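Here are my notes on the model you sent.

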Amino acid sequence: MNVSALHALSAFVRIRRLARRLRTPADVARWRAARLDRFLRRTVPRAPYYADLSPRLLGDLPVMDKATLLANFEQLNQRGVTLAEARAALDAGRQRVRGLIVGQSTGTSGNRGVFVISEAERFTWLGVILAKTLPDVLWARHRVALALPGYSKLYASAAESGRVALRFFDLAEGVDAWRDQLRAFTPDVLVAPPKVLRSLAEGGGLRPRHVFSGAEVLDAVDRRIIEAGMGAKVREIYMATEGLLGVGCPHGVLHLAEDAVAFEWEPVGDTGLVTPLITDFTREVQVMARYRMNDLLRLSPTPCPCGSPLQAVEGVEGRQDDVFQLPAASGSGFRMVTPDVVRNAVIDADRRILDFRVVQTGPDVVVLHLARDLPTAAAQAARVALAAALARAGAAVETIELSAGLDAPTDRKLRRVRRDWTPPA
Ligand SMILES: [Zn+2]
């Protein structure tokens, strides 16, 4: 077994033991407090950016946003890797700089978050994913197929350890390049972004027992098609280049990875949604403390029937910068309309709608893209439902343009609800 697999395995064992110890929310809070204390005393001071602070509580650290992170990049990692070095490596298609792995978050070009992690950290991450997704691994063998951003065929060597056979499929090559290989592997666990799962489900020939969707928001339309095509329930893995943030339980409910990450919450207006500030107390190479994510979450007010003490999430509803900013019907200021409101209006309008995009392209212009072969009645129903949902949210929209035709999926992150217009500051 190579070193990478060893890191994955030790994380796997650690997380499994931890899951047995953390039974209640109070157990989780105590564990987090102890780990945060160590993180603040030992990891944080090693980053020059925090050298003068000697923080005792998390709140002693400033909130970090993407712009500040990028502006102080070399002060925030222990090896002094500069942003220019990291970007040069990414531009050249290399994922390495000085032995570290470089990654970037999705976002508009020039405004993408950049991250460095060690090889050990990457495989620890993988071990944690496996620990949280393979409940019966102690007595069952598993064939796990992973197609995730950042894990390419390079990792094929880490393929076999004990009862788990792992195989990596490269997203950059596209599904068609390895669809047959994947079928031949007959995975019983499949982890991939939703658009890849959907393409695989539509192609047929795969019946994994456990299906996990990661790296993008899982829409209800995709869920239906994947579950029908593969005959298994889809569970979500909430991940970002920033880290592993949550994994769905057998009840289909997403639970936050509070055993590795401390979450703080900022409300988004009066929408009932929140955005997270995350502190990853397991990572050391780059300090990730009180980092403001772009995601919109709806937290569940009740515990999950599975009994997990980890916070349950009703939905990851999209990104903060895709929230529509439309003129208020009352005549002054803007109204925020969150992506879940837009998405649900369109999907619920007609069962025949299997794909769509809704884009805010101007101060009061919204464009609804639907499949070319969708019957006119369904398209009109979607437009009417969207207009009604925006009106209920208190927004006044001059025009909802209907556009026949959808962009073909690319290897970029799929955002069905998108704001392509920036309000003047
Ligand atoms: Zn649960």
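**Notes on the predicted model**

1. I start with one residue pair. V359 has R418 of β22 as its bridge partner. Please keep in mind throughout that this is a predicted model.

2. The strands around that bridge come next. β19 covers residues 356-362 and pairs with β22 in the parallel sense. The pairing runs over 3 bridges. In general, strands of a sheet pair through backbone hydrogen bonds, in either a parallel or an antiparallel sense.

3. Now the overall picture. The chain has 11 helices and 22 strands. Its radius of gyration is 22 Å, close to the 22 Å that the globule rule gives for 425 residues, so the chain is as compact as a globular protein of that length. The C-alpha atoms fill a box of roughly 60 × 55 × 45 Å along the principal axes.

4. Of the 425 residues, 41% count as buried. Among contacts with a separation of 6 or more, 56% are between residues 24 or more positions apart.

5. One helix pair deserves a look. Two packed helices are described by the angle between their axes and the distance between the axes. Helix α8 (residues 194-203) packs on helix α9 (residues 220-230) at about 40 degrees, and their axes are 8 Å apart. The crossing of α8 past α9 is left-handed. On the α8 side the contact is made by P194, L197, R198, A201 and E202. On the α9 side D222, I225, I226, G229 and M230 take part.

6. Please check two backbone angles. Most residues other than glycine have a negative phi. S54 is not a glycine, yet its phi is positive, about 30 degrees. S54 is found in the loop between α2 (25-43) and α3 (66-71). S54 has 11 other C-beta atoms within 10 Å and is exposed, the cut-off being 12 or fewer.

7. R290 is the other case. Its phi is near 50 degrees, again a positive value in a residue other than glycine. R290 sits in the loop between β13 (274-280) and β14 (291-292). With 17 C-beta neighbours inside 10 Å, R290 counts as partly exposed.

8. What does V287 touch, leaving aside its neighbours within four places in sequence? V287 is in contact with T43, V44, A47, Y50 and L76. V44 is 243 residues from V287 in sequence. In space, the two are 6.4 Å apart, C-alpha to C-alpha.

Technical notes:
Residues are numbered from 1 along each chain as its sequence is written. This is a predicted model: local features need pLDDT of at least 70, side-chain atom pairs count only at pLDDT 80 or more; totals for chains, interfaces and linings use all residues. Helices (H or I, at least four residues) and strands (E, at least two) are DSSP runs, numbered from the N terminus. The radius of gyration is taken over C-alpha atoms; the globule rule is 2.2 Å times the number of residues to the power 0.38. A residue is buried if 20 or more other C-beta atoms lie within 10 Å of its own, exposed if 12 or fewer, and partly exposed in between; C-beta atoms are placed from the backbone. Two residues are in contact if their C-beta atoms, placed from the backbone, lie within 7 Å. Two strands pair if DSSP finds at least two bridges between them. Axes are lines fitted to C-alpha atoms, for helices over the stretch in contact, and angles run from 0 to 180 degrees between N-to-C directions. A crossing is left-handed if the near helix is turned anticlockwise from the far one by less than a right angle, and right-handed if clockwise.
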